[in-house]
Amino acid sequence: MVMENLGSSLRDTLKKIARANRIDEKTLNEVVKDIQRALLSADVNVALVQQLSKRIKDRALKEELSGKLNPRQHVINIVYQELVALLGEPISVPLTRHTVIMVGLQGSGKTTTTAKLARFFQKKGLKAAVICADTYRPGAYDQLSQLCERIGVAFYGEPENKNAVEITTRGLIELKRYDVILVDTAGRHALETDLVLEMKAINETAKADQRFLVLDSGIGQQASEQAKAFNEAIGLTGVVVTKLDGTAKGGGALSAVAEVGTGIAFIGTGETIDDFEKFEPDRFISRLLGMGDVKTLVEMIEEEPPIEMEEAEAMLKGEFTLKDMYKQMDAIRKMGPLTKIVQMLPLGSLGVEIPDGALQSTKETLERFKVVMDSMTDEELDHPRIIRSSRIKRIARGSGVTSDYVRELLKYHKTMQRAMKGVRSQKEMQKFLRKQSLK
Ligand SMILES: Nc1nc2c(ncn2[C@@H]2O[C@H](COP(=O)(O)OP(=O)(O)OP(=O)(O)O)[C@@H](O)[C@H]2O)c(=O)[nH]1
Ligand SMILES: [Mg+2]
């Protein structure tokens with residue numbers, strides 16, 4: 001996975017939040033320290049890391065709980081939102097007729113990315129074509145024409161011509177019936193004057209609607225200087241950050257580009273043509289945090305009111321009768337979407353353990369349970385321990401189930417009761433409930 005180190009450190013931090021007994025300043029400090037460490041080792045700029053830490057802490061301490069999220073979910077949500085904000089706004093890429101120029105330093109991945117982008121538009125149903133305006137790199141023509149041939153994208157180039165502007169002019173005429181025309185340009189070691197001049201000339205000739213800087217993520221936070229320089233030279237409309245699969249500095253590159261305000265349009269995540277995606281900060285962070293789609297997750301939590309604390313407390317005070325058990329199972333069942341949440345969250349990594357069967361109280365199980373309960377006397381319901389074999393037989397007969405089923409039900413109740421008894425203090429109870437229901 002892309003940026004696996006950063007991802008796994010951040011997931012560990014979420015685990016810590018999910019496991020915390022309470023979210024106080026001490027816990028927050030620890031959480032923020034962990035996040036700082038993770039981001040710094042991904043080469044995110046110190047000042048950016050400090051700003052982010054401060055915002056997470058301020059928000060976590062000051063913002064009112066929405067009432068729908070519990071304190072842990074609240075903090076997880078803030079961390080998520082701030083990480084997303086660190087990556088800037090998503091860029092919209094037009095799916096209409098337009099011309100794109102690809103610029104960047106040597107070896108950053110321009111030519112590969114040009115083909116990947118052509119493929120992207122092709123998949124969106126647009127007719128894409130490519131012009132090779134790189135007259136410096138030996139083999140540039142062959143490299144690009146082969147890539148284009150492989151994906152069935154039209155290609156224009158003049159292997160013998162050294163004038164990139166001329167090639168571009170003729171290419172545009174030749175390819176005018178295509179929807180999207182991509183121009184691949186030459187790279188240099190640094191942003192030298194002649195490169196800038198050539199870039200500007202090609203750009204003017206092509207009247208490029210999109211000017212994409214292709215930038216190797218391996219340079220980490222230095223990406224901001226590159227983005228700034230190219231932006232000044234030709235006014236970028238977006239950046240493509242490549243080789244995120246092969247660096248520990250991806251966080252640095254992405255956040256630096258976002259900070260310059262040039263915006264990340266796409267990311268390259270491997271050498272093959274489809275290792276390429278439209279950059280969406282929220283989805284990127286969700287995936288990095290292993291949270292599936294956090295947006296959906298939060299929406300779902302918002303839809304479902306959490307189990308009432310008083311009700312849970314009352315359950316614990318008494319003996320934990322069969323009626324209590326029914327209520328509890330019913331409460332868990334009503335939180336239906338919880339099962340979905342459970343699927344979306346990597347629960348193991350969040351340190352949440354759900355007892356076997358706790359999420360399987362289906363409607364049918366409960367209905368059956370209700371029928372069995374209806375055959376019990378109030379005394380039996382309140383003091384299930386008095387239910388011995390003759391009563392079991394009677395209850396089974398009355399409710400049309402086997403004696404074994406009644407026994408199983410009583411056994412399940414006993415296990416739950418024992419678990420409940422083990423939970424004495426309020427704190428322990430919260431821990432238990434959290435373990436059981438993410439609450
Ligand atoms: N792993 C990985 N490799 C990439 C990615 N993008 C490009 N590359 C590789 O990086 C190398 C350079 O890519 P090119 O596309 O030739 O780079 P360029 O910017 O066109 O290079 P010049 O034309 O010489 O300036 C090639 O070996 C590519 O396969 C990526 O996202 N991941
Ligand atoms: Mg190239």
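## An exposed lysine in a loop

Lys207 counts as exposed, because its relative accessibility is 66%. Exposed means over 50% relative accessible area, buried means under 20%, and partly exposed lies in between (1.4 Å probe, protein chains only). Lys207 sits in the loop between helix H8 (193-206) and strand E5 (210-216). Its phi is positive, about 45°, although Lys207 is not a glycine. Helices (H or I, at least four residues) and strands (E, at least two) are DSSP runs, numbered from the N terminus.

This is a predicted model, in which local features need pLDDT of at least 70, side-chain atom pairs count only at pLDDT 80 or more, and totals for chains, interfaces and linings use all residues; side-chain values use heavy atoms, with hydrogens and water left out. Residues are numbered from 1 along each chain as its sequence is written, while chains are lettered from A and ligands numbered from 1 in the order in which they are written.

## The ligand site

Which residues come nearest to ligand 1? They are Lys110, Thr111, Thr112, Arg137 and Asp245, out of 19 residues around the ligand. A residue is near a molecule or strand if one of its heavy atoms lies within 4 Å of it. By class, the shell holds 11 polar, 7 charged and 1 nonpolar residues. Here Ala, Val, Leu, Ile, Met, Phe, Trp, Tyr, Cys and Pro count as nonpolar, Asp, Glu, Lys and Arg as charged, and the others, Gly among them, as polar. Helix H5 supplies the largest share of the shell, 4 residues.

Several polar contacts reach oxygen atoms of the ligand. A polar backbone atom of Ser108 is 3.1 Å from one oxygen atom of ligand 1. For Lys116, a polar side-chain atom lies 3.5 Å from a ligand oxygen. Lys243 uses its backbone: an N or O atom there lies 3.0 Å from an oxygen atom of ligand 1. The protein covers 83% of the 650 Å² of accessible area that ligand 1 has on its own. A polar contact is a pair of N or O atoms within 3.5 Å; within protein, one must be able to donate a hydrogen and the other to accept it, and residues adjacent in sequence count only if both atoms are side-chain atoms. Accessible areas come from the Shrake-Rupley method with a 1.4 Å probe; for residues, only the protein chains shown count as cover.

Lys243 lies in the loop between strand E6 (238-242) and helix H10 (250-260). Its phi is near 60°, a positive value in a residue other than glycine. Lys243 counts as partly exposed, because its relative accessibility is 35%.

## Helix H5

H5 covers residues 110-123, 14 residues in total. At 1.5 Å a residue it should span 20 Å, and its end C-alpha atoms are 20 Å apart, which agrees. The expected span is 1.5 Å times one less than the number of residues.

H5 is mostly covered, with 10 of its 14 residues buried. Among them are Lys110, Thr111, Lys116 and Phe120. Just after the helix, Gly125 takes a positive phi of about 90°.

## Helix H1

H1 (residues 4-19) has 16 residues and reaches 22 Å from its first C-alpha to its last, close to the 22 Å expected at 1.5 Å a residue. An α-helix has 3.6 residues a turn, so residues three or four places apart point the same way.

## Helix H10

H10 is also mostly covered: 9 of its 11 residues are buried. They include Gly250, Gly251, Gly252 and Leu254.

## Pairs across the chain

Val130 is in strand E2 (residues 128-133). It is buried, with a relative accessible area of 0%. Val130 and Leu117 are 13 residues apart in sequence, and their C-alpha atoms are 9.9 Å apart. Leu117 is one of the buried residues of H5.

Leu144 belongs to helix H6 (residues 140-151). Leu144 is buried too, at 0% relative accessible area. Its C-alpha is 9.1 Å from that of Gly157, 13 residues away along the chain.

Lys176 occupies the loop between helix H7 (164-174) and strand E4 (180-185). With a relative accessible area of 57%, Lys176 is exposed. Lys176 and Ala129 are 47 residues apart in sequence, yet 9.3 Å apart from C-alpha to C-alpha.
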